[in-house]
Amino acid sequence: MPGMWWVVGAVAVLGLLSAYLIWTSGRVQRLQVRADSAARALDAHLLRRAAAAAVLAEQRYGVELYAAARIALDAAPEEREAAENDLTRQLRAVRLDPDDPACAAVIAASRRLGLARQVHTDLVRDARSARGRPVVRLFRMGRGREWPRYFDIDDPTLASHADVTTG
């Protein structure tokens, strides 16, 4: 009879270990999916800001801003960060009036982009942290998926002319 308790104990430990590994694997997969979703949302916000900047440049600010917006819209994934940083620099160089609907659209898109970038950065950090744990690496729980990448750009939030004069 005493040998039976060892078997029951070993089965219980294996059951708990299996439950932990299944839970950890599910968490790694959920974090990866959330990071991928955040990357798609960030991409959508980047496109919205570039499109709003192109409309604004067509209406009033000219060739340099329009060129930066078109380059950001057409950039390949490996050139995207540099193109978005250039667009941010071009947008900061012009005075944006929040009373003008086109300027207000660019300001709003830039603020939403800043939020999307922060969410993306947080989720990528969490996913990379989970995938870097020894148990996850030992059992290769993240295999089949690429490591999530940070999207490193300047802070895209723009100050409007009214923000600069009152603040």
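1. UniProt positions are given in the numbering used here, feature names are shortened, and annotations may be inferred rather than shown by experiment. Under "transmembrane region", an unreviewed UniProt entry lists residues 6-23.

2. The model is predicted: local features need pLDDT of at least 70, side-chain atom pairs count only at pLDDT 80 or more, and totals for chains, interfaces and linings use all residues. Residues are numbered from 1 along each chain as its sequence is written, and side-chain values use heavy atoms, with hydrogens and water left out.

3. Helices (H or I, at least four residues) and strands (E, at least two) are DSSP runs, numbered from the N terminus. Over residues 6-23 the chain is 100% helix and 0% strand, with 26 Å between the end C-alpha atoms.

4. Helix α1 covers residues 2-61, 60 residues in total. From first C-alpha to last it reaches 85 Å, close to the 88 Å expected at 1.5 Å a residue; the expected span is 1.5 Å times one less than the number of residues. Just after α1, Gly 62 has a positive phi of about 90°.

5. A nonpolar core is a set of buried Ala, Val, Leu, Ile, Met, Phe, Trp, Tyr and Cys residues joined through side-chain atoms within 4.5 Å. Buried means under 20% relative accessible area, exposed over 50%, and partly exposed in between (1.4 Å probe, protein chains only). The largest core has 21 residues, of which Leu 56, Leu 65, Leu 87, Leu 91, Leu 96 and Val 106 touch the most other members. Two or more residues each come from α1, α2 (63-74), α3 (80-93) and α4 (101-131), and the largest share, 6 residues, is from α1. Apart from this core lies another of 11 residues, including Ala 38, Leu 123, Ala 127 and Met 141.

6. Contact means heavy atoms within 4.5 Å. Leaving aside neighbours within four places in sequence, Val 106 is in contact with Ala 52, Ala 53, Leu 56, Leu 91, Leu 96 and Leu 158.

7. Ser 110 lies in helix α4. Ser 110 counts as buried because its relative accessible area is 0%. Not counting residues up to four places away in sequence, Ser 110 touches Arg 49, Pro 156, Thr 157 and Leu 158.

8. The loop between α5 (134-138) and α6 (161-166) holds Arg 140. Arg 140 is not a glycine, yet has a positive phi of about 50°; at 53% relative accessibility it is exposed.

9. Gly 142 is also placed in the loop between α5 and α6, but is buried at 10% relative accessibility. Leaving aside neighbours within four places in sequence, its contacts are Val 28, Gln 29, Arg 131 and Val 136. Gly 142 and Pro 156 are 14 residues apart along the chain, and their C-alpha atoms are separated by 32 Å.
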